[in-house]
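The following note is set out as numbered points for a colleague examining the model. Please read each point against the coordinates.

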Amino acid sequence: MIGSFTKKGLPALLAVPLTAALGSLLAGCDDNGALMSSEDSSASSKYEFKLPAHFPEPSIPDDNLLSVEKVKLGRQLFYDRRMSINEEGSCATCHEQRKAFTDGKKLPTGPTGDVHIRNAMSLTNTIYNSRQNWANPTLADLHQQAVSVMFNEDVLELGWADNEALILDRFRFAPDYPGLFSEAYPGTDDPFTVDNVAMAVSSFVTTLISSDSDFDRAQSDGNEGAMSDAARRGKELFNSERLECFHCHGAFNFAQSVQHTGTVLETIEFKNNGLYNIEGPGPGLPLPTGNYPTGNQGLYEFTNEPFDMGKFRAPTLRNIALTAPYMHDGSMATLREVIVDHYAKGGRLIPDGPFAGNGADSPYVDTLLFGFQVTDQEVDDLLAFFDSLTDWSFVCNTEYSDPFGTIPMHERCN
Ligand code: HEC
Ligand code: HEC
């Protein structure tokens, strides 16, 4: 399993008991989390979010408050190839800004050449996720997520396990990093630690907030005209009881499992949206059908509860037009396919091959997936709505771009 807490070499901080993780309530968050200053960051400057009125304030963990200096260090590390053991790539290898921080591939190849078994996720508004990754009920924050990427061994992502000192020394002895680390972690004897690297990188990821799409302009400025007529019709369809999309991709982030300042009860939801229904009894499954491909069985891999088979987190649909291919395994190439061949049918039909089966008939598929009739015009309207969720000021934001200037921006940014 990827991102799991059972791997050798993974720091104990990831070993959150599942029940505790699932049942936890969000402790009362500071009203202005990001704006708080901490004792040991007296010399740092507060990082201020610029959010429209319809966006809640992110809740920032007390042990990793945001500072401008940490974000600056984190941005450089995010793009620095020395972050991988063989110096062949970094976080940005799989998360490119011009693709809303995905890589455009079905499955990503990491810096070490290992192929990941899941599709690289967009890094749009991840600070609002109550759980990170496609279906990991234990990854509660971005700091843990960064550590898991650094240390993952089942699929080598960055290859830090057993190489911590070697990689940290690259930064310790590089000309520009001592200043960046000491500004990010003032008053510390040795700021070159695994946790400080992960906290800086996750601070940068925290700032990747997309809130300025045409949809947002229509929403926040009351400027209805910011969305085309087609996009507005698509929005109505998306929010209709006929299509039901909004139930799982709801609210400001078009996602489930969302948290922010003011959240009282943490919501952690995983759903089976009918991608697979493999014939034959899966191991440990009481029913003869409903299986998902081994290694990608979602929440079930963590809980071994049959009814968690194929349950994944409904991710944000912001910037979705830039993040093809789709789903946890990148198995759908286009948004048209997602609407017409999948959701309209109430699940995906795979006619033959090892994964043959009709997702719509799966005993585990969510009850909201019952299929619907949709005209060509309506599909075009939905696609126009998805286009209205593309945020060019996010994709072209130079505060998020490669500080080394080697990775090209989207052509529209020039
Ligand atoms: C080998 C390609 C690869 C590299 C390198 C990589 N990622 Fe990812 N990233 C992925 C994949 C694949 C997922 C989904 C993982 C899963 O669900 O198992 C993901 C998921 C994430 C998520 C969760 C997003 C969400 O909405 O839940 C975050 C955050 C993230 N990556 C940040 C990073 C950071 C920070 C780095 C560098 C320290 C990094 N990634 C390096 C491929 C990569
Ligand atoms: C029952 C909850 C549920 C409903 C209803 C639902 N979705 Fe989803 N959606 C999910 C889940 C869960 C995933 C991830 C599934 C996976 O990867 O296995 C997903 C994935 C997606 C993706 C791919 C996201 C990505 O980053 O690859 C798109 C696009 C999408 N849904 C659009 C829609 C649309 C359009 C509708 C309405 C027609 C809809 N969804 C209705 C739960 C739902």
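1. The protein contains 14 helices and two strands; helices (H or I, at least four residues) and strands (E, at least two) are DSSP runs, numbered from the N terminus. This is a predicted model, in which local features need pLDDT of at least 70 and side-chain atom pairs count only at pLDDT 80 or more, while totals for chains, interfaces and linings use all residues. Residues are numbered from 1 along each chain as its sequence is written, and chains are lettered from A and ligands numbered from 1 in the order in which they are written.

2. Of the 414 residues in the protein, 47% are buried (20 or more other C-beta atoms within 10 Å of a residue's own, with C-beta atoms placed from the backbone). Among contacts with a separation of 6 or more, 68% join residues 24 or more positions apart; a contact requires C-beta atoms, placed from the backbone, within 7 Å.

3. The largest nonpolar core comprises 66 residues, and Met 150, Phe 181, Ala 200 and Val 201 have the most contacts inside it. Such a core is a set of buried Ala, Val, Leu, Ile, Met, Phe, Trp, Tyr and Cys residues joined through C-beta atoms within 7 Å. Helix 7 (residues 194-206) gives the most to this core, namely seven residues. The core lies between domain 1 (11-210 + 394-408) and domain 2 (244-371), because both give residues to it; the domain bounds come from an automatic or database domain assignment. Another core, of 18 residues, lies apart from it and includes Cys 94 and Met 309.

4. Around ligand 1 there are 28 residues, of which Cys 91, Cys 94, Gly 110, Asn 133 and Trp 134 come nearest; a residue is near a molecule if its C-beta atom, placed from the backbone, lies within 6 Å of it. Helix 3 (91-94), helix 4 (142-151) and helix 7 each give two or more residues to this shell, with helix 4 giving the most, five.

5. Ligand 2 is surrounded by 26 residues, the closest being Cys 245, Cys 248, Tyr 326, His 328 and Asp 366. Helix 10 (245-248) and helix 12 (335-342) each supply at least two residues of the shell.

6. Lys 271 sits in the loop between helix 10 and helix 11 (300-303). Lys 271 counts as buried because it has 23 C-beta neighbours inside 10 Å. Beyond its neighbours within four places in sequence, Lys 271 is in contact with Cys 248, Lys 311, Phe 312, Ala 314 and Asp 366. Lys 271 and Ala 314 are 43 residues apart in sequence, yet 7.1 Å apart in space, C-alpha to C-alpha.

Notes:
Buried ≥ 20, exposed ≤ 12 C-beta atoms within 10 Å, placed from the backbone. Contact = placed C-beta atoms within 7 Å.
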